[in-house]
Every structure is written in structure tokens, then in C-alpha cells.
Amino acid sequence: MTQPSSIAGRPLAPAPGAPTPELRVARFRSHARRLTWSALVLIAVAGVCGYFYDNLPAPLENWMLLTAAAGIVLLLVLLPFLAWWSHVYTITTRRVLERSGIFGSRRRELHHVRGYTVREHRGILQRMWGTGTLTLTNGVDQPMRLKNIPHIGLVHEALVDQVEVNQILAHRDARPLPPGASEHDPNA
């Protein structure tokens with residue numbers, strides 16, 4: 001049995017029974033539009049500090065203004081940014097990973113070989129921003145929701161391709177080798 005040649009830049013299929021490395025297909029976060037309010041708050045706080053610095057009424061001092069501004073920026077700008085930054089989705093050749101958490105880490109994964117359905121939902125605002133929500137359901141575990149994903153069509157297509165390839169390889173590896181072929185023969 002010989003290996004197929006590469007077609008249109010696709011990688012060669014591994015030999016039956018050979019271990020395949022796990023490669024990263026994509027890594028992404030949800031769309032950054034949820035940080036719009038944080039950006040507006042940052043601009044407003046900068047404007048207020050610039051206007052009132054050295055221009056405060058008698059009982060107030062500049063350090064009080066700067067402390068209040070720092071507290072507002074921490075709560076309304078930095079924490080939402082860190083929450084967005086720490087929530088990442090990764091698609092590999094074997095599974096889909098979801099990691100989130102600022103102080104503690106939470107991780108979920110869904111293997112392609114088990115198979116799952118991919119449902120796409122796009123609301124009006126999501127269509128305007130070119131995003132969408134994917135729900136991955138395998139019928140056993142709780143559904144995994146990938147919310148506000150940019151380039152939703154591309155991600156959907158990549159997930160469907162990975163499920164198909166993994167199930168084909170699992171089916172092929174479950175079949176016995178033809179007579180005369182050994183597991184250690186690279187030309188098998």
C-alpha cells in the first residue's frame with residue numbers, strides 16, 4: 001500500500017496506525033467589540049482628569065482625582081480587558097479547547113474523533129460585525145458555545161473538516177492491515 005501524493009498543498013495522510021502529531025489549526029478570541037464601552041470610559045476619564053487637574057475646588061486635591069481615576073480605570077477598563085484577553089479558543093487537529101479565567105483557569109475540550117454537530121447562529125448585530133456564535137454538541141457532554149467568533153464561516157468550515165478527517169482516520173485505523181503488510185513497514 002502506498003501513500004497518496006499531496007494534492008493542492010494538503011498534507012499527506014499518515015500511514016495506518018502511525019502516530020500523528022497534534023497541530024494547531026487556529027487560535028482566536030471573541031470579537032473585541034465588547035470592549036467599546038471600556039474604551040469610551042478610558043477616553044472620558046482621561047478627559048476629566050485633564051480638565052480638572054490643578055483646577056479642583058479647595059477641599060479636593062490632585063491625588064484624590066488621580067486615585068478615583070485609577071479606580072475607575074481598573075474596574076471599568078482593565079478588568080473587562082483581562083476577562084476578554086484570558087478567554088481563548090484553540091482548534092487543533094485533534095480537539096477544540098476553550099480556556100478562560102483571570103485568576104483561576106477553566107478549561108474545556110471536545111475531541112473531533114467523537115464527532116459533534118456544529119450549529120451556527122448569527123443575530124442582527126453579529127451580522128453587522130461579521131461574527132457569530134457556534135454551538136458544538138456531541139450528545140453526551142454539555143454543549144460548547146463559541147460566542148461572537150470573528151470570521152464565523154471560516155471557523156465553521158475548519159471544524160467540520162477536522163471532524164470529517166478525524167473520523168476517516170479513526171475508521172481507517174480501526175480496520176486490520178491487509179495481509180502481508182507489517183505495522184513497521186514505512187511503505188505499507
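Threonine 90 stands opposite leucine 97 in strand β3, strands being DSSP runs of E with at least two residues and helices runs of H or I with at least four, both numbered from the N terminus. The model is predicted: local features need pLDDT of at least 70, side-chain atom pairs count only at pLDDT 80 or more, and totals for chains, interfaces and linings use all residues. Residues are numbered from 1 along each chain as its sequence is written, and side-chain values use heavy atoms, leaving out hydrogens and water.

**The sheet**
- Strands β2 (residues 88-92) and β3 (residues 95-100) run antiparallel and are joined by four bridges; two strands pair if DSSP finds at least two bridges between them.
- Both belong to an open sheet of four strands, ordered β1-β2-β3-β4 with antiparallel pairing.
- β1 and β4 (106-111) each have a single partner strand, so one side of each has no neighbour in the sheet.

**Leucine 35**
- Leucine 35 lies in the loop between β1 (24-28) and α1 (36-52).
- Its relative accessible area is 15%, which counts as buried (under 20%, with exposed over 50% and partly exposed in between; 1.4 Å probe, protein chains only).
- Beyond its neighbours within four places in sequence, leucine 35 is in contact with Pro80, Phe81 and Trp84, contact meaning heavy atoms within 4.5 Å.
- Its C-alpha atom is separated by 7.2 Å from that of proline 80, 45 residues apart along the chain.

**The whole chain**
- The chain has four helices and seven strands, running β-α-α-β-β-β-β-α-β-β-α from the N terminus.
- Of its 188 residues, 26% count as buried.
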